[in-house]
Amino acid sequence: PLADALKEITVGLSERYRSLENRGTTDRIALVGPPGVGKTTTLCKFLAHEVFINKHTPNVLKVENGIPNPDDALRIFCEVVGVTLYREPTNIPSVTEENPLYLDFPGISLNHREDWTQTRETLDLLEVDTRVLVLNGAYDRTVIDQAISLSRLFGATHLALTHFDELSNSTKLWPTVLRSGLTPLCICHGQNVTGDFSINVLNQLIARTFPEQLYDRGIT
């Protein structure tokens with residue numbers, strides 16, 4: 001029966017997901033990705049999560065890396081939530097679990113491989129181990145695959161998916177999540193900088209894999 005088949009698919013996908021390598025995050029976290037994917041909005045969501053949920057006091061380093069990286073909107077948000085934004089790494093206070101450091105990089109063109117490599121050099125210099133590739137989940141699969149390939153040039157470790165609310169279903173994202181070699185970190189499903197954010201990636205993917213009416217019939 002269709003309901004049983006869909007349940008088996010859900011169980012299979014869930015088991016595959018849970019078998020992925022689950023890398024933890026460190027106290028230095030960089031968000032990197034192409035222009036327009038929502039890196040700054042994602043960063044604001046992380047900062048809000050740290051401040052309001054984890055009760056931590058994070059700091060932010062704005063990195064230009066040879067590319068202009070204005071900070072007006074981010075600076076205002078940081079002031080509102082009590083986070084300090086820095087432009088120079090020499091001014092940063094001690095980084096700890098309670099005082100993590102988030103690094104905001106400018107958008108990197110998919111056509112400039114050398115910029116992705118240079119980003120790795122900068123991250124190595126700043127001793128950043130958690131390197132998050134931020135991707136627009138609504139992008140075409142070929143664009144997503146290209147970004148995944150380029151992310152290896154800067155040593156990406158984790159994956160954050162944005163614009164999830166723009167997808168009618170999440171089917172096309174399963175191969176990316178299961179085969180990229182990156183640990184799924186979060187899903188952003190709206191523009192609210194203090195919400196629309198989930199670290200339970202599996203539940204979000206499953207909920208969008210099949211039409212809602214199928215779940216209403218009790219297949220879960």
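I take helices (H or I, at least four residues) and strands (E, at least two) as DSSP runs, numbered from the N terminus. The model is predicted, so I noted its limits: local features need pLDDT of at least 70, side-chain atom pairs count only at pLDDT 80 or more, and totals for chains, interfaces and linings use all residues. Residues are numbered from 1 along each chain as its sequence is written, and side-chain values use heavy atoms, without hydrogens or water.

**Entry: Val201**

I found Val201 in helix 7 (residues 201–207). Is Val201 buried or exposed? Val201 is buried (under 20% relative accessible area; exposed is over 50%, partly exposed in between; 1.4 Å probe, protein chains only), because its relative accessible area is 2%. Leaving aside neighbours within four places in sequence, I saw Val201 in contact (heavy atoms within 4.5 Å) with Tyr17, Pro184, Leu185, Cys186 and Ile187.

**Entry: largest pocket**

On a 1 Å grid over the protein atoms alone, a pocket is an open set of points with protein on both sides within 12 Å along at least five of seven lines, while a cavity is a set where a 1.4 Å probe fits but cannot get out; lining residues have an atom within 4 Å of a point. The largest pocket has a volume of about 530 Å³. I counted 26 lining residues, and Arg23, Gly24, Thr25, Leu185 and Ile199 lie nearest its centre. Helix 1 (2–18), helix 2 (39–53) and strand 7 (183–188) each give two or more residues to this lining.

**Entry: largest cavity**

I looked up the cavities of 30 Å³ or more and got 1. The largest cavity holds about 40 Å³ of space. Its lining includes Asn65, Phe105 and Asp115.

Terms used. Grid points are joined across faces, edges and corners, and a volume is the space filled by probe spheres set on the points.
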